[in-house]
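Colleague: I have not looked at this one before. Can you put it on screen and walk me through it?

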Amino acid sequence: MKGTEAFQELLPLLGEVPVVHANGYICRESFSLKDREENFYMIGSMGLASSIGLGVALCQPNRKVIVLDGDGNVLMAMGTLAMIAAEAPKNLLHVVIDNEVYESTGRQRSISHAVPLEQVAKSAGYRQTIRVDKREEIKPAFEKLMNSEGPVFLLIKVVPCFDSKTGRVTHTPEEITKRFMKTFKR
Amino acid sequence: MLSGLISYLEEVEEAKYIPSVREDAAVGLCAGAYLSGSLPVLLMQNSGLGYCLNAFTSLNLIYRIPVLVIMSWRGQGGKDAPEHIIMGDIDQKLLETAGIGYSVLKPENLDQVLEIAMRKINEEKVPYTLIAEKGLFDERH
């Protein structure tokens with residue numbers, strides 16, 4: 001499955017759930033396919049999507065929160081998997097699009113071909129983890145995890161397909177902050 | 001140097017103390033807390049400042065995500081373990097270079113610097129650092 005197909009499958013399932021996006025390919029692909037006010041596009045600070053999502057989940061315990069992460073970000077912040085497991089927010093779903101490369105900077109390889117990230121999350125203490133390789137597996141896995149007690153982890157293995165002509169997020173960082181914060185006031 | 005403060009926070013029920021495994025992860029955690037309606041405080045030793053600089057510059061400052069940082073000043077005056085000497089000398093210069101405001105916290109300027117910090121946080125929506133010298137907080141170890 002191509003990365004884009006994973007997003008096409010995933011995005012209609014998000015409803016009004018706040019989603020913290022990892023930088024690079026994750027932000028750009030998601031933004032270009034379907035922009036949402038509930039999306040926090042982290043364009044810099046690589047590695048921190050998961051800790052930002054943890055902060056949101058702990059401060060909004062009555063709302064589901066999704067982190068839409070990439071393998072590069074997860075590998076950079078494996079300690080945050082442990083923090084998430086230790087704080088154990090029931091409302092957190094951690095989705096990782098794993099393409100085994102740093103896609104938006106030219107497909108340099110990451111090391112996730114050798115490191116099963118769903119097993120790392122499981123060992124860290126996530127309540128449930130699922131790995132999917134096929135497009136049709138995404139919806140049932142996502143729905144199962146959305147209805148489970150978190151923290152839960154969905155690893156989606158994809159092949160790189162990023163078109164570098166895909167635009168960058170056009171909102172300014174300040175605009176992203178404002179509209180994301182607004183979603184917690186309604 | 002912050003150990004007494006941390007033990008106190010662990011004892012007080014109203015305070016939500018969350019241990020972080022890295023200082024930059026704490027920056028992320030605080031950013032998430034702020035974005036979803038809380039006003040977080042980040043506690044760290046100045047040795048963690050280097051890890052935080054990318055987060056401060058490519059997250060907090062450009063997104064206008066404030067955080068109150070209380071940072072202990074190890075290596076002050078060149079008198080400390082070797083690993084703290086350089087950072088103890090350059091931490092304030094690094095904050096200045098990054099454009100992050102700070103004050104050295106003293107018992108006699110507490111109200112004044114807190115007012116400055118809260119103004120930065122509420123009006124400019126940027127991080128502000130309070131640097132704590134040795135002996136400012138009770139140390140319980």
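Modeller: Start where the chains meet: the contact takes 27 residues from chain A and 25 residues from chain B. Two residues are in contact if their C-beta atoms, placed from the backbone, lie within 7 Å.

Colleague: Which elements give two or more residues to the side of chain A that touches chain B?

Modeller: Those are helix 3 (49-59), helix 5 (78-87) and helix 8 (173-182) of chain A. Helix 3 of chain A gives the most, with eight residues. Helices (H or I, at least four residues) and strands (E, at least two) are DSSP runs, numbered from the N terminus.

Colleague: And how do the residues on that side divide into nonpolar, polar and charged?

Modeller: On the side of chain A that touches chain B, 16 are nonpolar, nine polar and two charged. Ala, Val, Leu, Ile, Met, Phe, Trp, Tyr, Cys and Pro count as nonpolar, Asp, Glu, Lys and Arg as charged, and the others, Gly among them, as polar.

Colleague: Before we go on, what sort of model is this?

Modeller: This is a predicted model: local features need pLDDT of at least 70, side-chain atom pairs count only at pLDDT 80 or more, and totals for chains, interfaces and linings use all residues. Residues are numbered from 1 along each chain as its sequence is written, while chains are lettered from A and ligands numbered from 1 in the order in which they are written.

Colleague: Fine. How many helices and strands are there in chain A?

Modeller: Chain A has eight helices and eight strands. Its radius of gyration is 15 Å, close to the 16 Å that the globule rule gives for 186 residues, so chain A is as compact as a globular protein of that length. The radius is taken over C-alpha atoms, and the rule is 2.2 Å times the number of residues to the power 0.38.

Colleague: What percentage of chain A is buried?

Modeller: Buried residues make up 49% of the 186 residues in chain A. A residue is buried if 20 or more other C-beta atoms lie within 10 Å of its own, exposed if 12 or fewer, and partly exposed in between, with C-beta atoms placed from the backbone.

Colleague: Why is strand 8 of chain A described as largely enclosed?

Modeller: Six of the six residues of strand 8 (residues 152-157) of chain A are buried, so the strand is largely enclosed by the rest of the structure. V152(A), L154(A) and I156(A) lie on one side, with F153(A), L155(A) and K157(A) on the other.

Colleague: What pairs with strand 8 of chain A?

Modeller: Strand 4 (residues 92-98) of chain A runs parallel to strand 8 and is joined to it by six bridges. There, H94(A) stands opposite F153(A). Strand 7 (residues 128-132) of chain A also pairs with strand 8 in the parallel sense, over five bridges, and V132(A) stands opposite I156(A). Two strands pair if DSSP finds at least two bridges between them.

Colleague: Where does K144(A) lie?

Modeller: K144(A) lies in helix 7 (residues 135-146) of chain A. K144(A) is partly exposed, with 13 other C-beta atoms within 10 Å.

Colleague: Now chain B. How many helices and strands?

Modeller: Chain B has five helices and four strands, running α-α-β-α-β-α-β-α-β from the N terminus on. Of its 141 residues, 37% count as buried.
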